[in-house]
Amino acid sequence: MTVEVEEAEPGVVVVTVDYPPVNALPVAGWFMLAHAVTNAGRDPNTHVVVLRAAGRGFNAGVDIKEIQAKGHGALIGANRGCAAAFGAVYDCEVPVIAAVQGFCLGGGVGLVGNADVVVASEDATFGLPEVDRGALGAATHLARLVPQHLMRAMYYTASTVTAQQLHHFGSVYRVVPPAELAGAALEVATRIAAKDTRVIRAAKKAINGIDPQDVHRSYRYEQGFTFELNLTGAADEARNRFLEDGP
């Protein structure tokens with residue numbers, strides 16, 4: 001797995017995740033991503049971060065094969081890693097733009113829900129298959145993308161919504177053809193980077209400070225039920241079914 005960090009334009013740092021075949025990240029990957037985003041935001045020369053992924057999809061959540069192979073230690077690691085990565089995006093000292101293509105599932109929704117701006121390709125879809133995997137989590141972040149009752153329906157049914165639907169709700173800023181995604185994200189990033197970074201950094205703190213939802217606490221609350229489901233054995237059974245049947 002690689003997490004590449006590069007300055008694409010003056011003040012614009014692009015963080016690219018690449019973990020074939022579907023960007024379902026292992027424990028170490030979530031912490032690598034958290035580290036990259038946090039460090040980019042701390043650099044005074046960074047004005048904005050673009051978070052993107054290589055491959056056909058933005059993110060497919062956690063690496064279930066790793067959890068099944070390594071047991072509860074990997075489960076705890078994945079939960080902590082997801083919390084670290086989601087928190088790094090939310091707490092990043094500069095705005096984070098998520099550039100989303102293809103599938104954005106599970107942990108991907110956690111990243112996107114905590115981003116400041118979302119740009120998506122026309123083929124992008126978003127959803128939480130958690131209930132089919134015997135886990136709970138990221139409803140906190142899905143609730144930042146869709147209205148309350150739609151969030152509940154999506155959560156219970158493990159269904160997805162399109163980038164166009166999220167654009168209608170206002171949670172996706174722009175929807176563009178796949179070939180134009182990188183350019184569209186950089187265009188927005190360049191506009192933000194041109195502002196006085198002292199003001200933008202203060203704005204990020206201010207917006208987070210008036211957020212009606214404590215994303216750290218609410219996500220941790222959700223994770224408690226995941227641990228409970230693992231103790232009952234329900235989560236293990238669900239993950240085994242997934243690995244046997246495939247996505």
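**Note on the protein chain**

1. The protein chain exposes about 11,400 Å², an accessible area from the Shrake-Rupley method with a 1.4 Å probe. Carbon and sulfur atoms supply 56% of it.

2. The model is predicted: local features need pLDDT of at least 70, side-chain atom pairs count only at pLDDT 80 or more, and totals for chains, interfaces and linings use all residues. Residues are numbered from 1 along each chain as its sequence is written, and side-chain values use heavy atoms, without hydrogens and water.

3. Eleven helices and nine strands are found in the protein chain; these are DSSP runs (helices H or I, at least four residues; strands E, at least two), numbered from the N terminus.

4. The C-alpha trace spans about 50 × 35 × 35 Å along its principal axes.

5. Of the 247 residues, 51% are buried (under 20% relative accessible area, 1.4 Å probe, protein chains only).

6. Helix α8 (residues 181-193) has 13 residues and should span 18 Å at 1.5 Å a residue; its end C-alpha atoms are 18 Å apart, in agreement. The expected span is 1.5 Å times one less than the number of residues. Buried residues in α8 include Leu-181, Val-188 and Ile-192. Among the elements covering the buried residues of α8 are β2 (12-18), β4 (96-100) and α9 (197-209).

Terms used. Buried means under 20% relative accessible area, exposed over 50%, partly exposed in between (1.4 Å probe, protein chains only). Contact means heavy atoms within 4.5 Å.
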